[in-house]
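Good morning, everyone, and thank you for making time for this. Please have a look at the structure first, and then I will walk you through a few of its features.

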Amino acid sequence: MIAQIAVGAIVCFVGYAYVAIRPPPPKTCGSPGGPSLTSPRVKLDDGRHLAYKEKGVAKEEAKYKIIVCHGFDDSKDFNLPISQELINEFGIYILSFDRAGYGESDPNPKRSVKSDAFDIQELADKLHLGSKFYLVGISMGAYPVYGCLKYIPHRLSGAALVVPFVNFWWKCFPPKLSKEALGTLPLLDQWTFRVARYAPWLVNWWMTQKWFTSLSIMHGKLDIFAPSDLEIIRQLSASPREGQEKVRQQGVHECLHRDLIVGFGRWGFDPTDIVNPFTNDEGCVHIWQGDEDNFIPKKLSRYLSEKLAWIQYHEVLDAGHFLIYNQTNCEAIFKSLLLCNNT
């Protein structure tokens, strides 16, 4: 009798574990029962679609064509505070897109740093942006920019990594430095990143269980934000952004969870393995870091900029993780990217 109860308990536990660990199938946009399609999309060669949004002057008339990669839990519909006057003065065309699994872009179960880089290249080609373009990557959206610098550097006119994502397990970091930097984050955030690194198969359960907070930013915990971030959050909350409800509509695993799995996974290279793509000074790469950013430890961004002397490092005083949503900072980022050889 006891043996039968034990076997039954084990079977129930295994069944629960299988269901909890296994992510649900995505609700693909345009599929039966899935979210509706409201944005223009391009069809990639592998059959997937990427949704996009255009802003600025017409691309046929643009002097500068810039692709912007959104961050974690965001989408193509973000609003950067760049003035129309600056856009017109410089002749700027801005292309934003939903990264795979976000918003209205199809999920990619094989998503990687490399696949995201080639998604960007194919998006640019499908929209006829020309042989070269500029890139801006915000927070988690910086990892596709690193991928482009590694795999398609010949397509870039310049790149800006804004409060860029860091993988605490990059081999280029001294172990003591990365350990100290990881230790500045909330304890459960640290464990979430460890799970993504060492047990990606467990991420779906870890992120959806109700026993404890898995990631502070997803549970409304504001104590990790810098004062400047809180002010920006207050301003953004006053006028909710159109399209925010679509960010996770295909399922959190295909957007948020895959970001963690890919970002903290094994890339096959470190940023210090990337070679300067602009040896003739025909373009520039920038890192923008807030000195009060509590999400991306500035000591790691500083270290990378020291090892990659060809990257121009900017540390913004009294700025946090949302520094690009300050108009002065945002316009400085774009100007420095486009005028790197004239400043």
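Predicted model: local features only at pLDDT ≥ 70, side-chain atom pairs only at ≥ 80, totals over all residues.

**Overall layout**

The protein chain has eleven helices and eight strands, where helices (H or I, at least four residues) and strands (E, at least two) are DSSP runs, numbered from the N terminus. Residues are numbered from 1 along each chain as its sequence is written, and side-chain values use heavy atoms, with hydrogens and water left out.

Along its principal axes, the C-alpha trace of the protein chain spans about 80 × 50 × 40 Å. With 343 residues, a compact globule would have a radius of gyration near 20 Å, and the 21 Å of the protein chain agrees with that; the radius is taken over C-alpha atoms, and the globule rule is 2.2 Å times the number of residues to the power 0.38.

Let us turn to helix pairs. How do the axes of helix α3 and helix α4 cross? The axes of α3 (residues 113–126) and α4 (residues 142–151) come within 8 Å and cross at roughly 80°, where axes are lines fitted to C-alpha atoms, for helices over the stretch in contact, and angles run from 0 to 180 degrees between N-to-C directions. The two helices, α3 and α4, are therefore roughly perpendicular to each other, a label that covers 65 to 115 degrees, whereas angles under 35 count as roughly parallel, over 145 as roughly antiparallel, and the rest as oblique.

By contrast, the axes of α5 (residues 175–182) and α10 (residues 298–307) come within 9 Å and cross at roughly 150°, so α5 and α10 are roughly antiparallel to each other. Here Leu177, Ser178, Glu180 and Ala181 in α5 meet Lys299, Leu300 and Tyr303 in α10, with contact meaning heavy atoms within 4.5 Å. In the other pair, Val113, Lys114, Asp116, Ala117, Phe118 and Ile120 in α3 meet Tyr143, Pro144, Gly147, Cys148 and Tyr151 in α4.
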